[in-house]
Structure formats: structure tokens, C-alpha cells
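Here's a quick briefing to read with the model open in your viewer.

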Amino acid sequence: MEYNIYCQLLLYIILIVIIIIIINTVTKGKCTDSRRLDGQVIIITGSSRGIGKCTALDLAKRGAKIIIACNDIIEANEARDEIIKITGNENIEAHFLDLSSFLSVREFVKNFIANEKRLDVLINNAGTAVTAKKRTKDGLPLGLQVNHYGHFLLTNLLIDLLKKSAPSRIIHVSSILHILGRLDFDNMNSEKSHNMTTLYCDSKLYNVLGSNEFAKRLEGSGVTSNCVYPGAVRTNIFEHILLPIKMIIVVLGILFFKTPEEGAQTTIHLAVSDEGSKVSGKYFVDCKNINCLNRPYSNEDRQKFWDKCCDLVGLKPEERLI
């Protein structure tokens with residue numbers, strides 16, 4: 001039985017990689033906006049390496065204050081020092097944030113609000129492709145909590161500051177694989193089953209639905225919320241999956257995947273361009289707003305999804321964005 005599951009997972013990933021290679025071959029956008037961001041404060045989760053680090057480096061060159069929010073503070077400090085050395089911008093800080101712990105998320109927000117008067121851009125970049133049946137101390141599957149629920153709580157707790165800093169922006173880094181995700185209200189915490197092959201896709205679908213709901217609830221506030229698909233990028237997101245599969249992905253990545261710098265371009269575009277402050281609830285690929293390939297959901301389903309997320313992350317009634 002276990003062997004069959006691994007074979008299914010391998011075939012599933014190979015199919016996904018082939019689709020992504022085709023997409024990457026015909027698309028490769030680049031942010032062409034050169035504007036400065038002096039005086040702005042930007043949080044980027046998971047920005048000690050990969051796409052997040054490239055995003056932080058670019059925005060630091062533009063003069064923004066960058067908060068590198070990561071669960072490996074040693075690596076975050078090293079990234080901070082490197083970015084300062086390259087850019088000459090000393091307004092870079094490394095802060096501990098463990099998205100697999102709601103307590104850590106709340107502590108991060110508490111400390112941030114105590115020390116900062118504004119937040120111009122929140123970039124929910126961190127992610128993992130872990131497929132193990134591991135649960136966090138909060139009782140959620142690790143992959144779902146890191147990719148979606150931790151960011152969902154983080155964003156909600158920072159909404160008031162984002163509103164005060166308007167015009168401001170929320171950017172959610174998702175994936176084209178959200179089209180393979182499923183929304184099962186009775187299984188949003190793997191209550192019924194834990195499917196290793198679809199957990200990542202489900203988390204990315206939740207990213208898109210969450211982004212759209214933030215956009216809807218923030219209409220007229222001056223805060224935008226948009227989703228980004230960075231493309232298939234040579235990062236370490238697959239470090240926790242099975243070794244044979246990881247080796248295949250590494251080889252294909254060297255041949256066909258984008259570099260982290262290329263993968264960061266759409267996030268950078270939304271963080272700096274006029275478009276990023278004018279449109280909301282959209283899905284961007286290669287710096288372009290495209291029709292999201294997601295299935296349509298009724299207002300009732302969207303509300304039910306939102307309420308379920310709020311319950312799972314433990315948001316109090318007064319903390320919920322209505």
C-alpha cells in the first residue's frame with residue numbers, strides 16, 4: 001500500500017513538472033518599474049533565501065525598510081547582513097517568525113506593532129512542500145499551516161496597521177497548482193483524510209480564496225490583496241519530499257526552472273507598480289493580471305471558507321475582518 005502511494009505521488013509530481021516546464025518555456029515576465037520606496041516598511045515571510053531573499057534584495061535597493069521574517073533566525077541574520085552589504089541600505093531587520101506556531105505569529109505581530117508605526121506591504125511568501133502526516137502544536141497539518149493558516153492569521157492581525165498605512169498592499173505567493181486543489185469544508189484540517197498528493201495543492205487553493213476574500217472585505221480601505229504565481233523556480237521548497245522525487249525535480253529544475261531572481265519579478269511588480277495599488281482580488285503571472293483558473297464559488301461557500309479559517313486559527317470575534 002505504501003509503495004503504491006509513493007508511485008502515485010511520483011507520477012503526480014512528474015505530470016505537474018511537465019505542465020510547469022511548458023508554462024515556464026513560454027512565459028517569463030520582468031518588473032520594469034524603477035521607482036523608489038524610501039520610507040516604506042515591508043514584511044516578507046520566508047525571505048532568508050530563494051524568491052523571498054531576491055524580493056527583499058530588490059526592494060532594499062529601492063530604499064524600503066525590510067523585515068526578514070523567518071523561522072531560522074541565524075539564516076535570517078546572514079541574509080540581512082548580505083543585503084545590507086550589497087545595497088548599502090542598513091534599514092534591514094531579521095525577526096523570528098514560525099508560521100507553524102500561532103503563538104509565534106501573535107508574538108511577531110505584537111513586537112512589530114510595538115516598534116513600527118506603519119506597514120506598506122505585507123508579502124506572504126514563505127511556503128513548504130512537506131507531505132508528511134505531521135501536525136503542529138496547534139493541531140493542523142504542517143504544510144497547510146505554514147502555507148496558508150499561519151499567513152491567514154498573520155494578515156488578519158496586521159490589518160489595522162495596513163489600513164492606517166493605506167495605500168498599502170498584501171501579496172500572497174501561491175501556485176498554478178491551486179487548480180488541482182479541492183475545497184472540502186469537512187476536511188480543511190485533514191479531519192477525514194490526509195492526502196499527500198493534494199495537500200500542497202489544497203493549501204495553494206486556500207491562498208487564492210483567502211486573497212480574494214481579503215480583497216472583498218477591504219474594498220474602499222486603500223488596502224489591496226492580490227495573488228502571485230512566480231512560476232516553477234529553483235528553490236529548496238521540495239527539500240522535505242522523498243529523495244528520489246527530489247532528485248528528479250532538481251535535475252529538471254537545473255534544465256528548465258526559473259532562477260529565484262526571475263521568480264521574484266511578479267511579486268516585485270505588485271509591490272512597486274501603480275497597478276499593485278489599484279487592482280485587488282486578482283491573480284498575477286509574469287507581471288500580468290490573468291484570469292484565475294479557479295472554479296467559481298458561491299458567496300455562501302466563500303463565507304463558509306472564511307469562517308472555517310477564522311475558527312481554525314483561533315481568531316477572536318473582535319479580531320475578525322467582517
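Let's start in the loop between strand E7 (283-285) and strand E8 (288-290), which is where Cys287 sits. Its phi is near 65°, a positive value in a residue other than glycine. Keep in mind that this is a predicted model.

- Most residues other than glycine have a negative phi, and most peptide bonds are trans.
- Cys287 is tucked away from solvent: its relative accessible area is 11%, under the 20% cut-off, so it counts as buried.
- Ser190 also isn't a glycine, yet it has a positive phi of about 55°. You'll find Ser190 in the loop between E5 and H6, and it is buried, with a relative accessible area of 11%.
- Ala166 and Pro167 are joined by a cis peptide bond, with omega at about 5°. Pro167 belongs to the loop between H5 and strand E5 (168-173).

**The chain overall**

- The protein chain has 322 residues, and 54% of them are buried.
- Its secondary structure comes to 11 helices and eight strands.
- Take the contacts in the chain with a separation of 6 or more: 79% of them are between residues 24 or more positions apart.

**H5 against H6**

- Helix H5 (residues 142-164) packs on helix H6 (residues 199-217) at an angle of about 15°, and their axes are 7 Å apart. That angle makes the pair roughly parallel.
- The crossing of H5 past H6 is right-handed.
- On the H5 side, the contact includes Gly143, Leu144, His148, Tyr149 and Phe152; the H6 side includes Leu199, Tyr200, Asp202, Lys204 and Phe214.
- By type, the residues of this contact split into eight nonpolar, seven polar and two charged.

**H4 against H5**

- The axes of H4 and H5 cross at roughly 30° and come within 10 Å. Angles under 35 degrees count as roughly parallel, so H4 and H5 are roughly parallel to each other.
- H4 passes H5 in a right-handed crossing.
- From H4, the contact residues include Phe102, Val105, Arg106, Phe108 and Phe112, while H5 brings Tyr149, Leu153, Leu157 and Leu161, among others.
- The residues of this contact come out as 12 nonpolar, two polar and one charged.

**Nonpolar cores**

- The largest nonpolar core has 45 residues, and the ones with the most contacts inside it are Ile43, Tyr149, Leu158, Leu183 and Met188.
- Elements that each supply at least two residues of this core include strand E1 (41-45), strand E2 (65-70), helix H4 (102-115) and helix H11 (299-313). H5 gives the largest share, 10 residues.
- What does Tyr149 touch, leaving out residues up to four places away in sequence? Its partners are Phe102, Leu140, Leu144, Met188, Tyr206, Cys309, Leu312 and Val313.
- There's also a second, separate core of 27 residues, with Ile66, Cys70, Leu270 and Val272 among its members.

**A look at Asn77**

- Asn77 is part of helix H3 (residues 73-87).
- Is Asn77 buried or partly exposed? Its relative accessibility is 24%, so it counts as partly exposed.
- Asn77 and Ile92 are 15 residues apart along the chain, and their C-alpha atoms are separated by 9.6 Å.

Technical notes
Residues are numbered from 1 along each chain as its sequence is written. This is a predicted model: local features need pLDDT of at least 70, side-chain atom pairs count only at pLDDT 80 or more; totals for chains, interfaces and linings use all residues. Side-chain values use heavy atoms; hydrogens and water are left out. Axes are lines fitted to C-alpha atoms, for helices over the stretch in contact, and angles run from 0 to 180 degrees between N-to-C directions. Helices (H or I, at least four residues) and strands (E, at least two) are DSSP runs, numbered from the N terminus. Angles under 35 degrees count as roughly parallel, over 145 as roughly antiparallel, 65 to 115 as roughly perpendicular and the rest as oblique. A crossing is left-handed if the near helix is turned anticlockwise from the far one by less than a right angle, and right-handed if clockwise. Contact means heavy atoms within 4.5 Å. Ala, Val, Leu, Ile, Met, Phe, Trp, Tyr, Cys and Pro count as nonpolar, Asp, Glu, Lys and Arg as charged, and the others, Gly among them, as polar. A nonpolar core is a set of buried Ala, Val, Leu, Ile, Met, Phe, Trp, Tyr and Cys residues joined through side-chain atoms within 4.5 Å. Buried means under 20% relative accessible area, exposed over 50%, partly exposed in between (1.4 Å probe, protein chains only).
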